[in-house]
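Here is a short tour of one protein chain.

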Amino acid sequence: MANSTMVTEFLLMGFAEGWKLRFLYSMLFLLMFLATLLGNLLIVTVTTADQNLHTPMYFFLRNLSILDMCYISVTVPNACVNSLTGNRAISVTGCAAQIFLVIYCAFVEILFLTVVAWDRYVAICQPLRYSTIINVRLCVRMTVASLLSGLVYAGVHTGNTLQLNFCGSNVVPQFFCDIPSLLRLSCSDTSSNQLSILASAVVVCGGCFVFIAMSYVRIFSAVLKFPAQEQGKAFSTCVPHVLVVCVFLSSIACVYLQPAAATEALQNMVLSAFYTMVPPFLNPVLYSLRNKQVKEAVRRVILRKVHSGAR
């Protein structure tokens with residue numbers, strides 16, 4: 001890792017100054033973390049164990065759940081430990097690893113959400129062609145392409161950030177290492193870094209948002225032709241999906257695209273929590289646990305375990 005820096009470690013910001021508030025926030029974050037792991041682990045277990053859920057849609061949702069468990073694990077456990085122990089130090093190598101993993105998970109998350117939206121569009125708007133358009137080979141190829149492109153994307157942005165010089169304050173105004181915070185600490189010219197972030201955000205986030213928006217517009221147009229009862233079910237499922245995508249992308253845009261002079265540490269921490277914690281927490285509930293097929297599969301898996309244990 002080539003890094004011409006005079007800083008040997010960074011100091012992350014805690015959740016609050018007082019011990020009681022730090023403890024309270026840490027417990028809230030920890031509970032949210034555990035609930036996220038439990039919800040996503042349940043989805044992975046059920047979609048793997050139940051043969052009825054071995055379909056392209058649940059293949060994508062299982063991948064999304066695995067990613068979400070990894071995503072929230074990158075930031076929250078370390079932040080809670082640091083806040084409770086008061087040890088805020090993180091090495092340059094550790095900071096680089098955290099930057100890489102956060103960018104990687106966020107990038108792949110956007111792609112997976114886009115794929116899920118497209119899967120729903122084909123299922124609702126082209127149901128007769130669904131099995132021919134979305135097959136096992138295509139599912140695997142899209143997943144592998146998302147994972148590999150995420151490595152390239154995260155590697156480029158992490159490498160560009162580590163080439164900067166850090167010769168001033170080493171206090172990161174964030175509860176984990178991210179690029180915008182390090183750009184504010186750098187004493188190098190960061191204009192090229194900011195330009196690359198802007199360009200990639202427009203291409204990746206903007207492109208995925210347009211694709212997701214178009215998919216759901218067509219879905220809503222098709223749903224309006226359904227009977228009234230079916231419309232209510234479809235809208236109650238699709239609208240929360242759109243809201244999660246909007247919260248995820250808008251919070252990323254606010255953190256990464258706003259001018260450095262116009263930012264506050266508390267505001268950044270709240271916005272960062274929205275894009276690193278909220279989607280992994282809500283995705284299993286909105287995409288799967290509200291689904292009738294998943295609920296029935298959970299019952300079947302539990303009954304199967306009970307019967308096998310009784311024997």
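## A buried ring and its partner

F10 is buried, because its relative accessible area is 2%, and the cut-off for buried is under 20%. This comes from a predicted model, not an experiment. F166 is buried too, with a relative accessibility of 3%.

The structure holds eight aromatic pairs. F10 and F166 form an aromatic pair of the edge-to-face kind. Their ring centres are 5.5 Å apart, and the planes stand at 90°.

F29, F175 and F176 are linked into a cluster by ring pairs.

## A buried asparagine

Now turn to helix α2, where N63 has its place. Is N63 buried or exposed? N63 counts as buried, because its relative accessibility is 15% and the limit is 20%. Which residues does N63 touch, once neighbours within four places in sequence are left aside? N63 is in contact with F112 and T143.

Rolling a probe the size of a water molecule over the atoms shows where empty space is left.

| Pocket | Volume | Lining residues by class |
|---|---|---|
| Largest pocket | About 550 Å³ | ten nonpolar, six polar, five charged |
| Second largest pocket | About 350 Å³ | 19 nonpolar, four polar, no charged |

Start with the largest pocket, with its space of about 550 Å³. It is lined by 21 residues. The closest to its centre are R120, K233, A234, T237 and N291. α2 (56-85), α3 (92-125), α8 (228-257), α10 (278-289) and α11 (292-310) each supply at least two residues. Which helix gives the largest share of this lining? The answer is α8, with seven residues.

The second largest pocket has 23 lining residues. Y153, A201, C205, I252 and Y256 lie nearest its centre. Two or more lining residues come from each of α3, α5 (136-162), α7 (191-223) and α8. Here α7 gives the most, with eight residues. Check the classes again: 19 residues of this lining are nonpolar, and no charged residue is among them. The lining of the largest pocket, by contrast, includes five charged residues.

## The whole chain

Step back and take in the fold. How many helices and strands does the protein chain have? It has eleven helices and three strands. From the N terminus on, they run β-α-α-β-α-α-α-β-α-α-α-α-α-α.

The C-alpha atoms fill a box of roughly 60 × 50 × 35 Å along the principal axes. A compact globule of 311 residues would have a radius of gyration near 19 Å. The protein chain has 21 Å, which agrees with that value.

Burial can be counted over the whole chain as well. Of the 311 residues, 46% count as buried.

Definitions and conventions: Residues are numbered from 1 along each chain as its sequence is written. This is a predicted model: local features need pLDDT of at least 70, side-chain atom pairs count only at pLDDT 80 or more; totals for chains, interfaces and linings use all residues. Side-chain values use heavy atoms; hydrogens and water are left out. On a 1 Å grid over the protein atoms alone, a cavity is a set of points where a 1.4 Å probe fits but cannot get out, and a pocket is an open set with protein on both sides within 12 Å along at least five of seven lines; lining residues have an atom within 4 Å of a point. Grid points are joined across faces, edges and corners, and a volume is the space filled by probe spheres set on the points. Helices (H or I, at least four residues) and strands (E, at least two) are DSSP runs, numbered from the N terminus. Ala, Val, Leu, Ile, Met, Phe, Trp, Tyr, Cys and Pro count as nonpolar, Asp, Glu, Lys and Arg as charged, and the others, Gly among them, as polar. Rings of Phe, Tyr and Trp (its six-membered ring) pair if their centres lie within 6.5 Å; planes under 30 degrees apart count as stacked, over 60 as edge-to-face and the rest as tilted. Buried means under 20% relative accessible area, exposed over 50%, partly exposed in between (1.4 Å probe, protein chains only). Contact means heavy atoms within 4.5 Å. The radius of gyration is taken over C-alpha atoms; the globule rule is 2.2 Å times the number of residues to the power 0.38.
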